[in-house]
Amino acid sequence: MRPTATVRPMLTHAVSRLRTARLARSSKPFLARGGPRGERCAGCRLIPSHCLCALRPAVPTRAGVCLIMADIEPLKPSNTGWLIADVVADTFAFGWARTEVDPALLALLADPQWQPYLVFPGEFVAAGRVVAGVQATDPQNGKRPLFVLLDATWPEARKMFRKSPYLDHLPVLSLQTEQLSSYRLRRSKRADHFCTSEVAALCLELAGEPHAAQTLEAYLDVFTSHYLKAKQQLPVDGEDAAHQRLRSLRWPGGSGAGA
């Protein structure tokens, strides 16, 4: 059964704009591996019959997310940084390059309204730089948390971490969790390696925003279902547990899932 909610107008966000800019620089079309072929919705990157746009949630948050994305990440239909930008209004996205840095990224990291945290495993960082938690608002200066995520494969993320000196001054948030990744769209050799939207959900939880965290988790589950059903050429069940959970998390009086 497909969702019957009215499709919300497509809204561009930081990842969408980065994807558009990256496509403009491409000398040939990007062909995604393994997924469904043919026309895709510009709003959710899925084929029209499995479009997710009508279910896009919007949750107010004090925290923000800054995605630093490896070269082709914005082009991948399975990229989950896109989901973060759908849910969290203050999501920023920048492409990564070894030899240069976007001045807008440097300006964001220096913006006095934000307290940036670079999210990365503490085992690779000097102990004095690692923090285990954050506060929704820093009581000393009123700053809002900004979670800086390296959106890439694990080998790419390690390279980005080593070769981005402009990040060296940031405190490193090392996530400690017993949770295992449930991401099913790409393979990882380790079950404790999370996809980007799972990392963002864990960060939002630490920042005291459990509703946003749960909504992002539920949205990932629904996106995964739509993506895999499209790949398998099967219809979407809009009444399954994943869809029901996303609808149940609709923000009271807001424009969340199913609006």
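Predicted model: local features only at pLDDT ≥ 70, side-chain atom pairs only at ≥ 80, totals over all residues.

Visitor: Okay, how many aromatic pairs does the structure hold?

Guide: Seven. One of them is Phe 223 with Tyr 227, a tilted pair at 6.0 Å centre to centre, with 50 degrees between the planes.

Visitor: Where do Phe 223 and Tyr 227 lie?

Guide: Both are in helix 6, residues 210–232, four residues apart, or about one turn of the helix.

Visitor: And is Phe 223 buried or exposed?

Guide: Buried, because its relative accessibility is 0% and the cut-off is under 20%. Tyr 227 counts as buried too, at 5%. Elsewhere, Phe 120, Phe 124, Trp 154 and Phe 161 make up one aromatic cluster.

Visitor: Switching to the sheet: what's the strand order?

Guide: It's an open sheet of six strands, ordered 2-1-5-3-6-4, with parallel pairing. Strand 2 (91–95) and strand 4 (130–131) are at the edges with a single partner strand each, so one side of each has no neighbour in the sheet.

Visitor: How many bridges join strand 1 to strand 2?

Guide: Five. Val 65 stands opposite Thr 91 there.

Visitor: Which helix lies across strand 1 and strand 2?

Guide: Helix 1, residues 14–25, running at about 20 degrees to strand 2. Helix 5 (196–206) lies across strands 1, 3, 5 and 6, at about 160 degrees to strand 5.

Visitor: Where does pLDDT stay under 50?

Guide: Over residues 1–10, and over residues 188–192. The chain's mean is 84.

Notes: Residues numbered from 1 in each chain as written. Heavy atoms only, no water. Pairing = 2+ DSSP bridges. Helix = DSSP H or I, 4+ residues; strand = E, 2+ residues; numbered from the N terminus. Contact = heavy atoms within 4.5 Å. Axes fitted to C-alpha atoms, helices over the stretch in contact; angles between N-to-C directions. pLDDT = per-residue confidence, 0-100. Phe/Tyr/Trp six-rings, centres within 6.5 Å; stacked < 30°, edge-to-face > 60°. Buried < 20%, exposed > 50% of the residue type's maximum accessible area, 1.4 Å probe, protein only.
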